[in-house]
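Reader: Can you take me through this one? I have the coordinates open and will ask as we go.

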Amino acid sequence: MSIVKEDHIIGGIQTHVYKGSASLAPSVVVVFLLHGRTGSADDVDPFARTLIDKARTKDQSHSLCIVTLDHRNHGGRLLDARANNTWTEVEENKRHALDMYSIQVGTAKDVSFLIDFLPAYLFPHDECKVDAWGVAGISLGGHSTWLALSQDPRIGLGIPIIGCPDYLELIKRRAETSNIPFTAPYVPSSFLEFIGLSDPASKNYASLEESNPFLGKKILVLSGEEDTLVPWAASDKFVSALEVGPRGLKRVIVQKGVGHECTDEMVEEAANFIKTSYCSDVGRSDLLCNT
């Protein structure tokens, strides 16, 4: 079975949808796949196709779709290339802390916006129903994955790859290694206040109380042990304490000898996680899927 890629313009956002060539089953699982900083949706095209291919089962009752889009200020949405740079690149970006966070927050909001409208665009005759939503992302896309998981209760699965759930910890470390003072104008107090309200690390993530937005969610964390750009040490405290409750699932893989890259092994783990969580009776006997 071949893989079909469809393009939709939804609220001005170029959206790419991957699915198997066979007719979709009445029940559908949709997983967003987000690219990294300075990249575009084209970068994750092979990844999206792998996820569709690996999810195939003999069951015909459910189907999987993968959705990709450009981050804000990336790909076809690019307005200022310098705003995607860090403090230490040749064309330095003095607003790196603000720009990177605003982009990842914006993309997380785009994901929620698309969840609002995608079913109507994909299935205008109500021929299918989306029964589950997930998000996976690499680097900047991994940061957005954590944000989307913490902010949208409709998203039940997340796979952050070389991303970080604690932006304050990440950007403090980056400022230190970049010899940037962690004060205004690089990090204004108003910005710190916003991080304290919006970041996953600001949530009640280590509790079994209902205020924990991660309860019941299935989360696969993939990182590189030797990553110096998004070091595992910036995520370790959060991930170790993260509570998903008895109905959730947390799996953590820190790949030895790997830096800031999404490896073939990570792609394989992501594909297997989606399949066992949503596309086989190993993860959810009530929600099988087929492409």
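Author: Start with Ser207, which is buried at a relative accessible area of 13%. Bear in mind that this is a predicted model.

Reader: Where does Ser207 sit in the fold?

Author: Ser207 is in the loop that runs between helix 5 (189–198) and strand 7 (218–224).

Reader: And what does Ser207 touch?

Author: Leaving out residues up to four places away in sequence, Ser207 touches Asn212, Leu215 and Glu243.

Reader: Now the core. Which residues have the most contacts inside the largest nonpolar core?

Author: Phe32, Leu118, Trp146 and Tyr167 have the most contacts there, in a core of 54 residues. In soluble globular proteins, nonpolar side chains tend to be buried together.

Reader: Which helix gives the most to this core?

Author: Helix 2 (residues 96–122), with eleven residues.

Reader: Leu51 is in helix 1, then. Which residues of helix 1 are buried?

Author: In helix 1 (residues 45–54), the buried ones are Asp45, Phe47, Ala48, Leu51 and Ile52. They cover an arc of only 165° around the axis, so they are on the same side of helix 1.

Reader: Why would residues spaced like that point the same way?

Author: An α-helix has 3.6 residues a turn, so residues three or four places apart point the same way.

Reader: What about Asp126, buried or exposed?

Author: Asp126 is exposed, with a relative accessible area of 68%. Asp126 also has a positive phi of about 60° without being a glycine, and it lies in the loop between helix 2 and strand 5 (129–138). Most residues other than glycine have a negative phi, and most peptide bonds are trans.

Reader: On to pockets. How much space lies in the second largest pocket?

Author: About 150 Å³.

Reader: What lines the second largest pocket?

Author: The lining has 15 residues, and Gly36, Arg37, Ile138, Ser139 and Leu140 lie nearest the centre of the pocket. By class, six lining residues are nonpolar, six polar and three charged.

Reader: Last one. Where is Arg82?

Author: Arg82 is in the loop between strand 4 (62–69) and helix 2. Arg82 is partly exposed, with a relative accessible area of 40%.

Reader: What does Arg82 touch?

Author: Glu91, Glu92 and Asn93, again not counting residues up to four places away in sequence.

Notes: Residues numbered from 1 in each chain as written. Predicted model: local features only at pLDDT ≥ 70, side-chain atom pairs only at ≥ 80, totals over all residues. Heavy atoms only, no water. Buried < 20%, exposed > 50% of the residue type's maximum accessible area, 1.4 Å probe, protein only. Helix = DSSP H or I, 4+ residues; strand = E, 2+ residues; numbered from the N terminus. Arc of directions from axis to C-beta. Core = buried A, V, L, I, M, F, W, Y, C linked by side-chain atoms within 4.5 Å. 1 Å grid on protein atoms, 1.4 Å probe; cavity = no way out; pocket = protein on both sides within 12 Å on 5 of 7 lines; lining within 4 Å. Points joined across faces, edges and corners; volume = space filled by probe spheres on them. Nonpolar A, V, L, I, M, F, W, Y, C, P; charged D, E, K, R; others polar. Contact = heavy atoms within 4.5 Å.
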